[in-house]
Amino acid sequence: MKTLLPIPAAIFIAFLLYSTTINSQISIVSIPEVSPEEMVEHLIGPGVYFDNVYYQGAGIASGIFSNGSSTNIGIETGVFLTSGSGAIIPGPNSSSSASVSNGLGGHPLLNNITTAPTYDASVLEFDFVPLNDTVKCNFVFGSEEYNEYVGSTFNDVFGFFVTGPNPNGGMYTNKNIALVPDTDTFIAINNVNNGYANPGVVPTGPCTHCEYFVDNTGGVSIQYDAFTTVITLWVLVTPDETYSFSIAIGDAGDHIFDSGVLLEGASFKSLGPPEFLAFGFLMENNPELNFDINGQLIGNEVFLEMPAGTDLTNLVASFEVRGVEVLVEDILQQTGTTANDFTEPLIYHLEGYAENDWVVHAYIVADVTQHKLNSVIVGPNPAVGKICIDQVQGINVNIYNLLGNKIYEQTSAKNNNPVTVDNLLQGIYFVELSKDGYSEIRKVVVN
């Protein structure tokens with residue numbers, strides 16, 4: 001039988017104050033000070049839309065953390081769920097049995113994967129739509145069950161369950177993707193450890209996936225006796241379909257000795273190719289412009305002709321990407337918001353499922369005027385099975401696939417009827433527009 005060592009109330013309160021205030025280490029904000037919707041917003045990165053958030057569990061058990069870089073968990077900020085209280089997470093590791101029992105039940109999904117009934121479950125659920133074919137998220141799992149209950153029935157557990165279309169056929173139904181890397185083994189005390197040890201003693205084996213295990217005996221920044229390294233979970237998905245996630249953690253075997261999971265902020269991503277689909281300067285974001293400027297995308301470069309007198313030192317770019325983070329000198333860029341100096345070619349670094357640098361050239365052309373190509377609408381982007389082009393009277397239109405093969409051609413359209421090219425395979429297409437010696441290329445993704 002496991003026994004929780006009593007902690008006098010005054011000492012426990014002093015411990016919490018010391019952990020969260022005096023040390024100024026990891027900072028914890030729990031429900032209801034933060035809402036479940038705000039938790040999901042904090043978790044979501046590029047390429048994902050979410051809805052229908054639901055939380056089951058105690059308010060003190062879940063929330064948002066920050067200042068993680070002051071600790072040894074390897075995550076700066078994110079979302080936490082525990083089987084007790086988030087206030088226990090901050091260090092030092094001054095107890096081998098820190099715990100809060102919330103008197104709540106477990107969860108069937110957790111009961112299905114661990115070795116004993118679960119209790120005090122915290123479960124965060126939401127629906128999401130990915131823009132690309134893979135979803136990823138980073139996490140750290142920690143517990144007070146380490147190291148003295150390794151190999152016991154007190155096998156506290158964490159699960160990340162997905163439901164929705166399987167791109168390889170059929171459906172995912174509560175498929176657990178929180179696994180030891182390159183295995184089908186779920187994340188729990190007995191599955192990631194370096195063997196049994198008495199309280200306060202560093203374990204010496206035997207190793208069970210201990211390459212992902214961090215012993216925290218005597219640690220100064222986190223209370224949990226041990227935790228995992230940062231682990232990335234992932235799942236293949238179908239772009240633009242709706243999925244549901246259930247993120248759950250719980251005690252196993254009894255209500256005591258807390259466990260928790262820390263999910264890295266903005267790490268829940270659906271990443272795409274590191275490419276600009278469009279880049280330009282819009283009048284609405286740059287008051288000195290008299291018309292929109294659309295960039296010409298050639299290879300990994302963007303060219304923009306600017307009217308005489310344009311101040312290039314403080315322009316706000318608008319761009320389209322698909323599930324990609326955009327940075328300039330490590331500063332995250334927000335389309336239509338972030339201003340930059342374009343007096344010299346500027347390097348934009350795009351991070352998706354791969355990385356790529358784009359060079360943006362904005363240069364003054366004395367006689368540049370608003371061109372009729374600015375009125376041409378190519379969309380939607382991304383499109384589904386077809387490309388639609390509007391306002392094309394007098395415009396030459398060529399469409400190329402990613403291999404450079406021309407799949408459509410129209411010379412100087414006689415009227416302004418929209419052009420639709422359908423039955424297209426998934427992929428990237430280039431729409432070349434030209435008139436009176438001026439041309440530009442628009443990039444479109446077709447799903």
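**Backbone, strands and pocket**

Colleague: Between which two strands is the loop that holds F257?
Modeller: The model is a predicted one, and in it F257 has a phi near 70°, a positive value in a residue that is not glycine. Most residues other than glycine have a negative phi. As for its place, F257 sits in the loop between β13 (243-252) and β14 (259-264).

Colleague: Is F257 buried or exposed?
Modeller: A residue counts as buried when its relative accessible area is under 20%. The relative accessible area of F257 is 2%, and therefore F257 is buried.

Colleague: How does Q391 count by relative accessibility: buried, partly exposed or exposed?
Modeller: Q391 also has a positive phi, of about 60°, without being a glycine, and its place is the loop between β27 and β28. Because its relative accessibility is 34%, Q391 counts as partly exposed.

Colleague: What is the omega of the peptide bond from N381 to P382?
Modeller: P382 belongs to the loop between β26 (377-379) and β27 (387-390). Most peptide bonds are trans. The bond from N381 to P382 is cis, however, with omega near 10°.

Colleague: Which residue takes a positive phi in the hairpin of β28 and β29?
Modeller: Strand β28 runs antiparallel to β29 (residues 406-410), and 4 bridges join them, with V397 standing opposite Q410. The hairpin has 4 residues between these strands, and the one with a positive phi, near 90°, is G404.

Colleague: What is the bridge partner of I399 in β31?
Modeller: Strand β28 (residues 396-401) also pairs with β31 (residues 427-435), in the antiparallel sense and over 6 bridges. Within β31, I399 has as its bridge partner V431.

Colleague: Which are the edge strands of the open sheet of 6 strands?
Modeller: The pairing in this sheet is mixed, and its strand order is β17-β18-β25-β24-β21-β22. At one end, β17 is joined by 3 bridges to the antiparallel strand β18 (residues 301-307), where L297 has V302 as its bridge partner. Each edge strand pairs on one side only, and these strands are β17 (296-298) and β22 (331-332).

Colleague: Which elements give two or more residues to the lining of the largest pocket?
Modeller: The largest pocket holds about 540 Å³ of space, and of its 22 lining residues the closest to the centre are P46, G47, V321, G323 and V324. By class, the lining has 12 nonpolar, 7 polar and 3 charged residues. The elements that give two or more residues to this lining are β2 (48-56), β20 (318-320) and β21 (325-328).

Definitions and conventions
Residues numbered from 1 in each chain as written. Predicted model: local features only at pLDDT ≥ 70, side-chain atom pairs only at ≥ 80, totals over all residues. Heavy atoms only, no water. Pairing = 2+ DSSP bridges. 1 Å grid on protein atoms, 1.4 Å probe; cavity = no way out; pocket = protein on both sides within 12 Å on 5 of 7 lines; lining within 4 Å. Points joined across faces, edges and corners; volume = space filled by probe spheres on them. Nonpolar A, V, L, I, M, F, W, Y, C, P; charged D, E, K, R; others polar. Buried < 20%, exposed > 50% of the residue type's maximum accessible area, 1.4 Å probe, protein only.
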